[in-house]
Structures are given as structure tokens and as C-alpha cells.
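Reader: I would like to go through this structure with you before I set anything up. Could you show it first?

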Amino acid sequence: MDPAPFFTASRLLIVAGKGGVGKTTVSATVALAAARSGLSSLIIEVEGKSGLASMFGVPAFSYDEVDLTEGVRARTLTPDEALVEYLQDSDMGRISKRLMSSGALDMVSTAIPGIRDILVLGKIKQMERAGLADLLILDAPAAGHAITFLQSASGLADAVPIGPINNQAKDVLALLGDPERCQVMLVTLPEETPVNELVETAFQLEDRVGVSLGPVVVNGVYPSLAGLDTDPAAAAEAQGASLRAGEAESLTAAATFRRERMELQAEQVGRLADALPLPQISLPYLFDAELGPEQLDQLAAAFLDGVGGLP
């Protein structure tokens, strides 16, 4: 598949998955891959302290939009700041700071569950309508909260039958339900528990939120290695080398671990394909303590290769 149509299939891509599977890494990877395809992207993160800035080698950022690299921008969204911006856009800037300092939002969120989420989603809807980038990428909360987060619009639309909150909720529902405007990309590791949770999340998102699902990203896949069954001593002898005491045993143990890991991930990837008939894109496991621009380049290249292999 050509990358450009893939990245422009919807204007908002929500990246979601179980905590620890690499959602933020995938969000950064997709944004960089889109930029490599000549498109602009804007990453929106809603939880803070995501490590996104360090991946691009730039200082930490907050609500103000920043440039991460050519073609990739980012910003953080919080309910408080979204409310202030909404009031300022509505010519009520004078009272916005008073509301924030008085803790009014905390009182309102207690009385109306889901109001914090709808403030953030409403701002994202406004950004999507404004066409601020070719692709908006939302680094969503972890899977359990992500469902509640995305379902907040439906709950508020039912709970508040009239008024601006109802209108905002209906606008957000229209965004989430339109596959040309919004899709969800789920992320997992090739392990049993993350795969189980991804499948459950996928069905809940389709049934309870009504959002369209894009390809699944399987993150942290160990690349295939040949020769794992080779005897280390025989291989060393064939090369005219010798091994020190204990090295053959260590090499054999490492090869056994790698072979078992690859068998495990193959089993889980196959099980995921059987349970959830969605295209898959694999990203390799990188043996680096931290991810920076160099590692992101590798992941973006792998993602583009994966997109090229899609039907």
C-alpha cells in the first residue's frame, strides 16, 4: 500500500493499548513515518510525562505547540487548559482564570462525570476541524481508561439532553463515528496478556464507542535469526577459533532463549490474527536502553515497510 493514502485515510488517529506496550513510541513512530512521506503531523498527548520529547531529542513541552522535527509537531492537552481556551474563544477570558483558581472545574467534574474527558475531546475535535495538520495523532490513555475516555461523549449526550455540553458531546460522537475523520490504532506486545487485553479492547471500542479500527501494531518483535541450532563449539572450530571455558554453554543458553522467544511471539501473533481479523504492522525490538532520534528513524523505516506490505 502507498504510504500517503494510508496516513490520510482519516484525519485523527488514536493510538491506544495496554500500559507498557509502547503507545507513545508508536505515536512518535507514526508521526515520523508520515513526515517521511511528505505529510505534516501533530501529536497530542493527554497524560503528561510521556517521554515524547526525549525521543526527538528536544526539551520537555507542555500546552504550547512545539516542533519536534521537520514535519512533526506536538502539544499536551489537559482539561483545565482546554476549558480556559474554550472560554477565551467564547469571549469569556476574564472569568477563565477565576474559574481555574477557584477549583470550579473540580466541582463540576464531580457533579458531571466525564466532563473532563469531553473538554479534551472537544478541543481535539476543534483541532481536527481546523485542519492543523495532515494527520492528528492522539496518544490516548492506557486501554482501560481509553474506553472510558472515548465513551464519555455518549454518556454526556444521554445525561445532558440540551445545551452546549450536549452539542459538544454530539459533535465528538460524530467525529468518533466517522472513519474518514477518526480511526483507532491498537498497540500490543507479542505476549499473552497484552494480546488478550487488545482483543477485548478492540471489541469494546467497536461495540460501545462505535469507532473504526485501523491496523494493529505489534511492537517489540524479535527479528528472526538464522543458525540458532548451531553448536557453538563446532561453529568456532569451523572458523579456526576456540572458545573459553563456559562460553559454549552461555551461547547455547542465549540461543535457546532467543528461539523460545521467537516461538512464543509467533504463537501470540497468530492467535491475535485469529481473534481479530485486522491487518498487522510489526515493529522490531530495539536493544537500546533509551530511544532517541536514531532509534525512531529505525522504527519509522520499519513502519513504512509494514505499510508497504498492507493490501
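Reader: What is the origin of the model, and how are the residues numbered?

Author: It is a predicted model, in which local features need pLDDT of at least 70 and side-chain atom pairs count only at pLDDT 80 or more, while totals for chains, interfaces and linings use all residues. Residues are numbered from 1 along each chain as its sequence is written, and side-chain values use heavy atoms, with hydrogens and water left out.

Reader: Back to β4, then. Why is it described as largely enclosed?

Author: Five of the five residues of β4, which spans residues 72-76, are buried, so the strand is largely enclosed by the rest of the structure.

Reader: Which strands pair with it?

Author: Strand β2 (residues 41-45) pairs with β4 in the parallel sense over five bridges, and Leu42 stands opposite Arg73 there. Strand β3 (residues 66-69) runs antiparallel to β4 and is joined to it by three bridges, with Val66 opposite Ala74. Two strands count as paired if DSSP finds at least two bridges between them.

Reader: How many residues separate β3 and β4 in the hairpin?

Author: Two residues lie between them, and Gly71 in the turn has a positive phi of about 90 degrees.

Reader: What packs around Leu32?

Author: Leu32 belongs to helix α2, residues 23-36. Leaving aside neighbours within four places in sequence, Leu32 is in contact (heavy atoms within 4.5 Å) with Thr69, Val72, Leu296, Asp297 and Ala300. At 3% relative accessibility, Leu32 counts as buried. The C-alpha atoms of Leu32 and Arg73 are 9.9 Å apart, although 41 residues separate the two in sequence.

Reader: Changing topic: is β1 buried or exposed?

Author: Six of the six residues of β1 (residues 12-17) are buried, so this strand is largely enclosed by the rest of the structure. Leu12, Ile14 and Ala16 point one way, and Leu13, Val15 and Gly17 the other way.

Reader: And what are its partners?

Author: Strand β5 (residues 135-142) runs parallel to β1 and is joined to it by five bridges; the bridge partner of Val15 is Asp139. Strand β6 (residues 182-188) also runs parallel to β1, over six bridges, and Leu13 stands opposite Gln183.

Reader: How many residues are in the largest nonpolar core?

Author: That core has 43 residues, and those with the most contacts inside it are Ile14 and Leu205. A nonpolar core here is a set of buried Ala, Val, Leu, Ile, Met, Phe, Trp, Tyr and Cys residues joined through side-chain atoms within 4.5 Å. Not counting residues up to four places away in sequence, Leu205 touches Ile147, Leu150, Val184, Leu186, Gly210, Val211 and Leu213. Another core, of 39 residues, lies apart from it and includes Phe7, Val15, Ala35 and Phe303.

Reader: Which residues does Ala202 contact?

Author: Ala202, in helix α10 (residues 192-209), is in contact with Leu186, Leu213 and Leu276, leaving aside neighbours within four places in sequence. Ala202 is buried, with a relative accessible area of 1%.

Reader: Finally, what can you report for the chain as a whole?

Author: There are 13 helices and nine strands in the chain. Of its 311 residues, 46% count as buried. Among contacts with a separation of 6 or more, 75% come from residues 24 or more positions apart.

Technical notes: Buried means under 20% relative accessible area, exposed over 50%, partly exposed in between (1.4 Å probe, protein chains only). Helices (H or I, at least four residues) and strands (E, at least two) are DSSP runs, numbered from the N terminus.
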